[in-house]
Amino acid sequence: MDAPVQDTVVEAIKTEEPTMSDTLSSYLPRVDQFYIPEWLTMQFIANNLISFTPLFSYGSTVISIERCKTALGFSIDICATMMIASILRISYYLITPYEITLLRQSIVMVLIQLVLLRTSLKYRPEEYKYHNLKDVESMSTLLHEIWLEFFDSGNMLQYNNKPQQLINNLKTLSFKKLSLFGYKVVLACVYKFLKFFDPGYKRVFAFWQWADKSTYWKFLAIFATLQILLTVLISKVLDWEEFAQLLGSIIGSLGLLVESLLPLPQIAILYTLKSIQGFKLILLVSWLCGDTLKITYLVFGAKNISILFFLFAFFQMSLDFYIAGQYIYYKYYYPKLRNEAGFQDEEIELTDFVKDQILEPVNEMDEDDYSGDNLDIQPGHSHARQPQTF
C-alpha cells in the first residue's frame, strides 16, 4: 500500500467515533487489570468461605460464652466430636488426598474447637461437673429387670459360663415371647447408647466429664499423635498399599460416624433446659449449611463412595432438623404455653420413652410360655432396681 493511502486510512481510523461495544470492550479489560486481581475469583472466594466458616460459627459461640461468663446451654461434647472427627479427616488425607480446601477446613476446625473447649471449661457451670451428674442404670441391672419379666427366678448373667442352660431357658418361651424378650434387650442397648451422649448422666470412666482440665488436653494430644503416627507408619513408611486403603476406609467411615452424632448431646441439653440459652442460631445455620454442602459433595463431587457415607450424612441432617424444631419450639411456643393456665409439659425425652418400653410389664402370660409357675410381674416391681454406674 502506498504511503499516502496508508496515512489516510490511519487518519480515518483515529477520527472515527468508536461504538458503545468497542468502548466497553476496551474498558472492561482495564477494570480486570487495574481493579480486580487475577487471583480473586469466585472459586477462591468459595474455597475460603468453606475453609474459614468454623471461625464464624464457633467463634460467635466463644464470644457469647465470654460475654455471659457461663457455658450453660452449650455442650462441650460438641468440641470432642468435632475435634475427633477433624483429626480423623486429617489422617485420612495422608492415605487418600482430597480437596485441599476440606483439609484446610479440618485444621481450622481443630484450632477453633481448642479455643472453644478452653473457654467452655473456664466457664463450666456446676451442673455440668461430674459429681453433680445423675447415675445411669448399669447394663446388668437392665438385663436383670428384663429377665425377671420372663422368668420366675435367677439372673441372665449367671449363665455367662453356661450357654447351653441359657439356651434351654430361652426355649421355654413361645416365639411371641421370645421375640418380645429380644426386642427389650435391643431397647436396653439403645437406651445405654443414648444415655452415653446425654451430658446430664455419668459416663464410663467419666469420659469427657473429667474434673481435671489437663486431662482433656492430654487425651487430645495422645489421640492425635497416635492417629497421625499410625497412619504415616502404614501408608508412608511401610508402604502397605492394600492395608492402607482398608485403614483409610475405616478412618473415613469412623470420622463421618462420629460427626453424625454431633447433635445428640445438644438435643439432650435443650430438652433438659427447655430453653435456647447459650445456643447460637448461627451455629445451627452452619450445621445445616454444612450438611447441605457435604451431601452435595457426596452426590456430585465424590466417586466410589460407600452407601455408609450417605447414611451418616442424612442421619446427621435429620438430627440437625430436629434441633431446628427444638429451637423454634423453645423460643417461640414453649414460653407461651408454659404461661397458660393449667399447662403441663407433656414432652417425653427419647431415652425416657425407651426406658418405659423396657420396664413395661409383659401382660397376658400364657401357661405354655414358662416351664414353671408364672410370676405375675407388676409395674411396681421396678423398685428393685437402683441406679448404678458402670
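Helix H10 gives the most to the nonpolar patch, three residues. Helices here are DSSP runs of H or I with at least four residues, numbered from the N terminus. H10 covers 241-260, and helix H9, 213-237, also supplies at least two residues of the patch. The members are Leu233, Val237, Leu238, Trp240, Phe243, Leu246 and Ile250, with about 670 Å² of accessible area together. Those areas come from the Shrake-Rupley method with a 1.4 Å probe, and for residues only the protein chains shown count as cover. To join a patch, a residue needs over 30% relative accessible area and no salt bridge; nonpolar side chains (Val, Leu, Ile, Met, Phe, Trp, Tyr) are joined within 5 Å, like charges within 9 Å.

Before going on: this is a predicted model, in which local features need pLDDT of at least 70 and side-chain atom pairs count only at pLDDT 80 or more, while totals for chains, interfaces and linings use all residues. Numbering starts from 1 along each chain as its sequence is written, and side-chain values use heavy atoms, with hydrogens and water left out.

The largest pocket holds about 1200 Å³. A pocket is an open set of points on a 1 Å grid over the protein atoms alone, with protein on both sides within 12 Å along at least five of seven lines; a cavity is a set where a 1.4 Å probe fits but cannot get out, and lining residues have an atom within 4 Å of a point. Points are joined across faces, edges and corners, and the volume is the space filled by probe spheres set on them.

Of the 42 residues lining the largest pocket, Arg89, Leu102, Gln105, Lys294 and Tyr297 lie nearest its centre. Helix H12 gives the most to this lining, 11 residues. By class, the lining has 22 nonpolar, 13 polar and seven charged residues. Nonpolar means Ala, Val, Leu, Ile, Met, Phe, Trp, Tyr, Cys and Pro; charged means Asp, Glu, Lys and Arg; the others, Gly among them, are polar.

There are four cavities of 30 Å³ or more. The largest cavity holds about 100 Å³, and its lining includes Phe74, Asp77, Arg203 and Trp208. Six of its lining residues are nonpolar, two polar and two charged.

Last, the salt bridges. How many does a search of the whole structure find? Six, counting a side-chain nitrogen of Lys or Arg within 4 Å of a carboxyl oxygen of Asp or Glu.

Arginine 89, from the pocket lining, pairs with glutamate 259, closest N and O atoms 2.6 Å apart. The arginine is in helix H4 and the glutamate in H10, so the bridge ties together parts 170 residues apart in sequence. Arginine 89 is partly exposed at 21%, whereas glutamate 259 is buried at 10%.

A second bridge joins aspartate 135 to lysine 202, at 3.4 Å. Aspartate 135 is partly exposed, at 32%, and lysine 202 is buried, at 18%.

In a third, glutamate 149 meets lysine 184 at 2.9 Å, N to O. Helix H6 holds the glutamate and helix H8 the lysine, so parts 35 residues apart in sequence are tied together.

Note on methods:
Buried < 20%, exposed > 50% of the residue type's maximum accessible area, 1.4 Å probe, protein only.
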